[in-house]
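Trainee: I'm new to this one. Could you walk me through it, a question at a time?

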Amino acid sequence: MEEPRGPLAGIRIVEIDAIGPVPLAAMLLADMGADIVRVARPPSAGVGDWEDVGGDILHRSRAVVHLDLKQDADRARLLDLVERADGLIEGYRPGVMERLGVGPDACLARNPRLVFARMTGWGQTGPLALRAGHDINYLAITGALHAMGEKGSPPPVPLNLVGDYGGGAMFLIAGMLSALLSAQRTGRGQVVDACITDGVASLMSLFYAWQPKGLWEDAPGSNLLDGAAPFYRTYACADGGHVAVGCLEPKFFAQMVEGLGLADRGYDQNARAGWPAMEADFAAAFASRPRDEWAALFAATDACVTPVLSMAEAPSHPHNRARGTFVERNAIAQPAPAPRLSNTPAAIREPGALTIGDAINAWS
């Protein structure tokens with residue numbers, strides 16, 4: 001019986017080398033079995049191969065070829081590869097691929113079934129389309145950044161999980177897969193305009209739904225899920241570590257309060273007037289013991305209390321070890337492929353390096 005190769009086995013994608021959402025999206029697609037050729041600029045003085053921004057992990061499971069798209073011959077070779085591909089992913093500012101002569105029109109002319117997926121922060125249109133930006137800027141204009149942090153403090157500087165990766169890479173993958181399915185049915189490819197600001201706005205749907213109903217105050221540190229609720233936040237422990245508390249439901253809240261030895265206080269969980277006193281009680285209780293003592297005490301309960309682990313600690317957590325959430329490859333601990341499929345499991349593959357001729361021949 002042939003070993004499963006992943007659910008996307010047989011799908012061919014050209015990845016134009018980039019930073020931000022593009023390499024993560026390509027990594028996930030490649031882990032799922034897509035045959036991806038990453039097209040990078042030729043290494044030269046002052047021009048890296050993006051290895052300094054996570055390439056040892058983010059570039060896994062796919063091959064790389066080097067082309068200088070400012071050269072006619074290399075552009076022609078790229079179009080030869082595109083002719084044999086199902087999809088292409090690029091992350092340049094709008095108009096760059098067109099100026100290089102390998103934009104959507106040129107690529108779709110060579111391959112009408114191609115899905116040409118474009119990943120930008122601001123989108124292909126709009127007054128900011130040609131401006132520079134990064135994750136924090138994209139969060140800022142969607143309402144997401146304003147909703148984060150503590151009341152009375154500037155919004156925090158978040159990791160680029162919400163913008164680049166949540167609103168960017170995940171929507172890029174959704175667009176790519178949706179358009180690939182459409183191309184299989186209709187024989188026609190199309191352009192996917194994946195935009196981080198669009199994606200983040202979509203991720204904010206719940207809070208935009210709650211606000212007009214009076215269920216969400218448009219101010220940070222004022223709501224159920226933004227740190228205002230004493231039963232949905234983090235607390236410092238005696239050893240300087242922290243625990244995360246997320247007991248939203250009354251039955252879980254009761255278990256958490258009992259574990260803290262505060263069951264006799266008779267808290268009314270959702271009475272906001274009592275939240276400040278409740279928070280002070282919880283803070284004092286958690287500060288009385290080290291983090292791992294609390295983790296052990298609550299481990300067998302539904303109190304929704306967990307230790308806040310560092311990146312160095314996370315791979316060794318018993319749950320992560322049991323599921324194989326992290327793997328070690330080339331002496332580097334890294335996240336395993338996700339999600340998990342029963343019949344066509346994802347896998348990390350050796351990336352390798354090819355000549356452009358090898359890549360074209362492999363896809364012929």
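Trainee: What volume does the second largest pocket have?

Mentor: A word on the source: this is a predicted model, where local features need pLDDT of at least 70, side-chain atom pairs count only at pLDDT 80 or more, and totals for chains, interfaces and linings use all residues. Residues are numbered from 1 along each chain as its sequence is written, and side-chain values use heavy atoms, with hydrogens and water left out. A pocket is an open set of points on a 1 Å grid over the protein atoms alone, where a 1.4 Å probe fits, with protein on both sides within 12 Å along at least five of seven lines. Points are joined across faces, edges and corners, and the space filled by probe spheres set on them is the volume, which for the second largest pocket is about 890 Å³.

Trainee: Which residues that line the second largest pocket are the closest to its centre?

Mentor: A lining residue has an atom within 4 Å of a pocket point. There are 27 of them here, and the closest to the centre are Leu161, Met311, Phe326, Gln334 and Pro335.

Trainee: Which helix gives the most to that lining?

Mentor: Helices (H or I, at least four residues) and strands (E, at least two) are DSSP runs, numbered from the N terminus. Helix 2 (55-58), helix 7 (161-186) and strand 11 (332-335) are among the elements that each supply at least two lining residues. The most, four residues, comes from helix 1.

Trainee: How many residues of the lining are nonpolar, polar and charged?

Mentor: Ala, Val, Leu, Ile, Met, Phe, Trp, Tyr, Cys and Pro count as nonpolar, Asp, Glu, Lys and Arg as charged, and the others, Gly among them, as polar. Sorted this way, the lining of the second largest pocket has 18 nonpolar, six polar and three charged residues.

Trainee: Is Asn223 buried or exposed?

Mentor: Asn223 sits in the loop between helix 9 (205-210) and strand 7 (232-236). Leaving aside neighbours within four places in sequence, its contacts (heavy atoms within 4.5 Å) are Leu215, Trp216, Glu217, Ala228, Ala229 and Arg272. Buried means under 20% relative accessible area, exposed over 50% and partly exposed in between, with a 1.4 Å probe and protein chains only. Because its relative accessible area is 2%, Asn223 is buried.

Trainee: And Lys70, buried or exposed?

Mentor: Lys70 also has a loop position, between strand 3 (63-66) and helix 3 (72-83). Not counting residues up to four places away in sequence, Lys70 touches Arg75 and Leu100. With a relative accessible area of 68%, Lys70 is exposed.

Trainee: How many disulfides are there?

Mentor: A disulfide is a covalent bond between the sulfur atoms of two cysteines. Here the rule is a pair of cysteine sulfur atoms within 2.5 Å. For Cys237, the nearest cysteine sulfur, that of Cys247, is 14 Å away. By the rule, the count of disulfides is zero.

Trainee: Where does Ser61 lie, and what is its phi near?

Mentor: Most residues other than glycine have a negative phi, and most peptide bonds are trans. Ser61, in the loop between helix 2 and strand 3, has a positive value, near 70°.

Trainee: Which residues does a cis peptide bond join?

Mentor: Look in the loop between strand 11 and helix 14 (356-362), where Pro339 lies. With omega about -5°, the cis bond joins Ala338 and Pro339.
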